[in-house]
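Please read the following note alongside the sequence and the model. It is arranged as numbered points.

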Amino acid sequence: MAAPEAEYDRLLKKPPLTWSVSEVGQWLNFINLEDYKISFLENSISGAELRELNTEDLVSLGVDRLGHRKRLQLEIQQLFGIALDGSSMGSAHSNQSFNSHTSASSMSNASTSSASSARDDNKVVVKCTYKGEVQKLRVLKTCSLNRLKRKIKSEFGRHMDLKYTDEDGDRISLRKDRHLRTAIKSLGADNTLRITCTPAKNRSAKASERELKLLDSMVDAIIMIDVEDTVVFFNRAAEKMFGYRKRDMIGKKVTKLMPKEHARNHSKYVANYLAGRGAGVMGKGRRVEAVRKNGENFSIYLSLSETNRHGEKNFVGTIQELTGRKDGDFFEGDVTGQYTMLENLLDAALVIDEKGIIQFINSATCKMMGYQRAELLNRNVKMLMTSADATNHDGYLRTYLETGHKHVIGSGRDVVAQRNDGTLMPVHLAVTETTLGRKRIFTGILTPVDTSVPTQSRMNVLRQEREVLDNLCIPALIIDQRGVMQFINESGLDVWGYSLA
């Protein structure tokens, strides 16, 4: 026997379930499917994982050709002695691709018996019930919850929420891998896990309503996908950019928005990241190509971040279109996380760009100033100021950008803000600066001022209020809590005929 044949014989004498990743790679060489060896090695496919691969898994591993995929599935079935209906064939391993259908009798009976025993020890039966329909699955005891959910989805055609029935008859939710491990450890003598399936709620609802409203109102396009490349969130800016309605994208593959040459490898990129490779792409931005609904290709700047809700990973993409823009004329960073943090502050917070245009405003600011979020986004921050401050603000900002001389940035001061209804409100303003690529943004935190404390800064606020009132063309006055007049403007003196002398 030639050396390669002897080596293949030795490999087949070892139970396939115990094969290492490199041994799976050798097996691919022997069956003349070595083109996929690198992908299998990169994704750490050992014998146990090989036994569980389904069509979707093979596609994600780059086995795109239908003929190769069917051939590989047949080889796996024969290798593990699996009939097409999932039962044991009782036959030995296949060697047909290596040496023109070598007889199964060349395998040792001891190896077959050992592999069968290993399968029984490492497997559990899962009975899944949905609307009276029962599906029976066999999975490894080490099977992850996500893999089990994918198998159940392939049976029922939809994502499911899962509950198992314990020995006391109670139904307990399966939300994390540790829940599944606990359920498997508690199985009785029949080695059967009984699961009740209910249709999963819209995945976008897993994020808090407050956070989704925040993402939906952002100027940049925001798209969120799950680990299966499925879109679970698509904001209004994304609708405008790509030409799709939200309902057209939720539940669809995100590859719909990519050129074909990128789309065919995207599942592999995600799989590599989940396996611990390619982590460097998170938190960073890069220029990529995208495709609109009308088929037009265009350049975007894509920043990625990862979220983990209810035990499931999601990936958030922040997208800025580069068409017609100079290199670097965009924010080189993902500010989604920063905006989420600001939204959760109890204090009012807003973000402006170098021109004073509002990029973000949190709910506390909307409540304090009496505006809807849409009324403030993409408007100049001057609309929240008194006329005196508004007149000078652009000049202050321009001077700082040119000279670097800080007037408010990095420190705080008491100022007067003007609400939507025209009323004035003393606030303490603290401003910080953040650099994103070649752009600078400014974050302001507004805290109501306690005017009952007569400090110098509070006196400055009162002075500003009086200056504003004095410039009004209608009568205005200030009284204290006892009704004693503290101030009256010129128009008031004219109307009522009094003099300050």
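1. Basis of the model. This is a predicted model, in which local features need pLDDT of at least 70 and side-chain atom pairs count only at pLDDT 80 or more, whereas totals for chains, interfaces and linings use all residues. Residues are numbered from 1 along each chain as its sequence is written, and side-chain values use heavy atoms, with hydrogens and water left out.

2. Helix 2. Helices (H or I, at least four residues) and strands (E, at least two) are DSSP runs, numbered from the N terminus. Helix 2 spans residues 21–30, and its buried residues are Glu23, Val24, Gly25, Trp27, Leu28 and Phe30. Here buried means under 20% relative accessible area, exposed over 50%, and partly exposed in between (1.4 Å probe, protein chains only). Just after helix 2, asparagine 32 has a positive phi of about 65°.

3. Aromatic pairs. Rings of Phe, Tyr and Trp (its six-membered ring) pair if their centres lie within 6.5 Å; planes under 30 degrees apart count as stacked, over 60 as edge-to-face and the rest as tilted. This rule gives five aromatic pairs. The pair of tryptophan 19 and tryptophan 27 is tilted, because the ring centres are 6.2 Å apart and the planes stand at 50°. Tryptophan 19 counts as buried because its relative accessibility is 2%, and tryptophan 27 counts as buried at 0%. Phe234, Phe242 and Phe298 form one aromatic cluster.

4. Aspartate 220. Where is aspartate 220 placed? Aspartate 220 lies in the loop between helix 11 (209–216) and strand 6 (221–226). With a relative accessibility of 16%, aspartate 220 counts as buried. Leaving aside residues up to four places away in sequence, aspartate 220 touches Asn235, Ala237, Thr318, Ile319 and Gln320, where contact means heavy atoms within 4.5 Å. The C-alpha atoms of aspartate 220 and glutamine 359 are separated by 9.4 Å, although the two residues are 139 residues apart along the chain.

5. Surface patch. Which residues form the nonpolar patch on the surface? Leu477, Ile479, Met485, Val495 and Trp496 do so, with about 500 Å² of accessible area together (Shrake-Rupley method, 1.4 Å probe). Methionine 485 is found in strand 17 (residues 485–488) and is partly exposed, with a relative accessible area of 46%.

Definitions and conventions. Patches are made of residues with over 30% relative accessible area and no salt bridge: like charges are joined within 9 Å, nonpolar side chains (Val, Leu, Ile, Met, Phe, Trp, Tyr) within 5 Å. A salt bridge is a side-chain nitrogen of Lys or Arg within 4 Å of a carboxyl oxygen of Asp or Glu.
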